[in-house]
Amino acid sequence: MNLMILEILTLGMLFSSTNAQLQDVVFTQPEEQSAGQFVGSVATSPSLTAFIGDTDRASLRYNILSDSGNKNGDLFRIDPFSGNVTFGVRVDKEKACPTSDLCELNFAVAVTGSSNFFTRVAVKVVITDINDNSPTFKDSSMDVHISEAAPVGSSFSLSPATDLDLSAENGVSSYGIEPESDTFKLAVIQNLVGTSQVYLVTKQNLDRETIDSYKLIVVAKDGGTPQRSGTLTVNVVVDDFNDNSPVFSSTIYAASFNETAGTGYNVLTVSATDLDTGDNGIVIYSLSTFQPPNKFDLRDKIDVNSTSGVVFLKKPLPSGEYQVLIDARDLGYPQRFNQSLLKISVLDTENSQPILTLTPVPNNDLPAGWVPEVIAGAGTVVAVLTVDDPDSGQNGIVVCSSLEPNFLLQQLGPGAYKLTLAGPLDRERNGSFSVTVICQDHGTPSLNGTASIVIHVWDMNDNKPIFGKSTYTASIIENNLKSDTVLVVNALDADEGENARIEYRLADDDGSFIISASTGVIKANKVFDYEEASRYEFTVLAMDNGNPRLTGSASVVVTIRDINDVAPKFSQDLYMFQIYENRERDSIVGNFTVTDPDTEEGGVITLSLQPKIATEPVVPFTVTKDGRVLSLEKFDREMKSLYSFYIVATDNGQRRLSSSVLVTVNILDENDNKPEFVFPGNQNFSAFVDIPIFADTVILKIEAQDPDEGKNAALIYSLSESNASDLFRIARVSGELMPNRNIVAGDIGTYAITINVTDQGYPALWSTRVLLLVVQSGSEPSTGKVIADQNVLIVACIICFTVIVSGAVLVAICVLKRQDHQRKYASSRRDHVHASLDGRQQYDLAITSVKDPTPSLDLNSSFQQQNQQPKSHKGNGNSLQDPSNVSIGDKMMNIPGSSSGQVFLAKTAITKLPETNAAKHDDFHSTSSNETSTGDSGHGSDEDMSNSMEQTNMPSMAVEHAVPLAITAASRQSVVRASFPQQNRAQRPSLSKSPPRAKNSTVRFDPHVSYDNIPPLRSPPPALPSQIANRRLCFDEAKEAMFHSEAAVISLAQ
């Protein structure tokens, strides 16, 4: 009875205490046991059985704590109900304890029971070694160089073998050479730390000339059962030898310093000497690869200078005792080394910060660091805190607390605490907590340390899904496709995981709709007809996947709407229109038809235009509502002849439909451009040709162009009727100029040929140009270039104009004296030359007959006879019996001759020729009124004259007479003489109008043509006095003649 009472009291005291701490439980097991192998039972350990009976032990639960200081807990498993400890993995002693023969694996077990009973049991598993590793060398082979002068007994260092089995019985126990060598043997020396140094020793003298190398197999054997071994191939090269190892001044060094020593602090200096010389005697220092056991690896905190031997700190060391193994190696070959042990003592001189480790504890089958919401109440353990302070005295006394009010920290024992809940948690308010605990020591000054852990709240299904709207409305067009999306509903659940995974369903639905259970997408399950039903109503449900399942609902209203489903249609797939150029804006280009069978807005059509190519400018057309295409500008076919664009018809339905049709508009040509001469041009209008020239030979080719097209651009060439038309002809189509007969020396001279070019449009347009063709002897010098010096031509024209004015004045005087005689004389000899002159100027014209010294003639009668005669006269016609007379306009006058140049006078223009010796003048001056007329000095131009002629409806000027004129002028005399070759008498000029000549053309020459300076002409015989005196024209007739003469000369000058 007393014993039972004692057990009850003992159990009561044990269960009521929250600070119970039991003795360590120790198990011993060999290494390499398989996972699941039984290690021992915590429940039956004396530390528990001494206080807890069998009945009470059944309620206990066991868990291995997996904090950072309890890393060995991952190697073992514990049954939470029986407390049996088993291997979690296969444990290799050499990996678990690589630097120590004694291998103890420590971990902690949390023991919990009813009434919040909790205690921590320390478990130690001692792993014993088995012979499971063979000795191994670092390298499978190595080279050793030995001097042939090496004495017997010389030793050479070999790489020692290592055995991961660190126990004395299973480690490396012996070395040997197999097969045994007569020349070498092995020597093994134990180092201070228990490792061996293996040397190759000579047994006899070496002779390199007899044998220069040896190959030895070194075998290392352990002492285990069964015995294991490893081999090393040693290649011995006989040469000079390094037979002395470095020797430290002391085998063991000792140093102590305060823990305040920082980076770079010099601990001490080690020194070693080598009796060898040269490289064999140079010593370098380094930390040994194998270091004695310490709290941590010192190679990242301490180092030695390789040349000076100074040992220094790379990082500060905490207080404690440390051992460092230092190697001294020479630079000989083979390299020899020695070792020295350095013992370091770091003094505790300052207060150190506490080191905290906070480890989560599993709860209710949840992962560590998780607690369930709602059901987990106050006192639930969520983590264990371990505190380590290396200080002593007051500096080592630590007090800890939690900074998170929802969690409390309770002490389990010295340096151990548990973290518990202060009350239930709600995950929807806060799904996780970052808990920070702080521990502060009592040192001066007081130092503290902190540790943090994140506690996650496990969700419980305490919230139902909620839709974003209580009622959803949507619409869908009729004639839809089955499975068209109608709308998407969405519900949210405040829970998480499976408790928040929602499944959607439909209720009160007749099968017209379907819903995706996972996404909430509602789709049509049939093709709707607006006329059959225009509205549908049903309910959508949202159910979570928790336990129990919770449901939310919402109403859905879907309306069916009518659609615009027909696009406008054009009556044709392509429209092709035509319009003449130069039509006014808003002219009708064409008509089109487009229809749309839809009703209401779907049948209302909007028309627009779009360019065929996006980069084109705005289309210069517009369309009207009644289907007409109108122009927006006047078109110029020569600029652009074809337009392409689209007419786009778009209805005004809710879903607008459109169609388009391609339209091409061809711009038709009008004859709005007259032909333009390419040759002869404004600047190049003369050509030279050498005799003889045979009949029908192409002399040169006249070229003209017309920017119109078709008949409007088809050109016909012709020559104005004159005496030159008997000598030359031109091809109507090709424009080739050819002689009608052979041209010989008697035809030498300069011919002014008026060329007309006319298109075949309606109305026909034409242009006229004068070509100066110089026929010259082939023996005369010719440079083969165009006489393009316009200044010379201008001077020649000025001289000609002066001579003409002087002659006009003389003629006027003669007309007043003997009018009757002049009319009779004019009826038989008269030519036609037009020129323009200001009506205010007056002239006197003296007419001199050179070849036919006939009496005075009557100009008036000659005028009448000329007007009654036909347009063309050949041979010795009555109109020009005296070759010295040339007609100007409708009047007769003599053409003066001058040795300074040649001038041709024609019906519509007087063309200047290059002067040879004439004096240069800037302006033309009237001899009667002293007024200055237009010349080359800037007082007028061709365009001015052309405009003047068009305003007065005068015919265009062009030289028609191609009779060569030999012109001479007596200095200081106003009387002029002219002589003509007898074989080419000038014909009566035509009175028809000639087209204006083109501008800015380039002269082209036939191969027959040479263009050099004009050949000098023959001087005519002196004029007879009887031919000069008493010959006058009436004042009005002379004035009209001079008016046209001046215009002709001005045209030539420009």
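The legends below describe close-up views of cysteines in a predicted model.

**View 1. The disulfide between cysteine 97 and cysteine 103.** The sulfur atoms of cysteine 97 and cysteine 103 lie 2.0 Å apart, and the two residues form a disulfide. The cut-off for a disulfide is a pair of cysteine sulfur atoms within 2.5 Å. About the S-S bond of cysteine 97 and cysteine 103 the torsion is about 65°, so this disulfide is right-handed. Cysteine 97 and cysteine 103 are both buried.

**View 2. The disulfide between cysteine 400 and cysteine 439.** Cysteine 400 is joined to cysteine 439 by a disulfide, with an S to S distance of 1.9 Å. The torsion about the S-S bond of cysteine 400 and cysteine 439 is about 110°, so the disulfide is right-handed. This pair links distant parts of the chain, as its cysteines are 39 residues apart. Cysteine 400 belongs to strand S29 (residues 398-402), while cysteine 439 belongs to strand S32 (residues 432-441). Both cysteine 400 and cysteine 439 are buried.

**View 3. The pairing of the bonded cysteines.** The count of disulfides in the model comes to two. When the bonded cysteines of the protein are numbered in sequence order, the pairing reads 1-2, 3-4. Cysteine 97 and cysteine 103 make up one of the disulfides, and cysteine 400 and cysteine 439 are also joined by a disulfide.

**View 4. The setting of cysteine 800.** Cysteine 800 has a relative accessible area of 13%. Buried means under 20% relative accessible area, so cysteine 800 counts as buried.

Definitions and conventions:
Residues numbered from 1 in each chain as written. Predicted model: local features only at pLDDT ≥ 70, side-chain atom pairs only at ≥ 80, totals over all residues. Heavy atoms only, no water. Buried < 20%, exposed > 50% of the residue type's maximum accessible area, 1.4 Å probe, protein only. Helix = DSSP H or I, 4+ residues; strand = E, 2+ residues; numbered from the N terminus.
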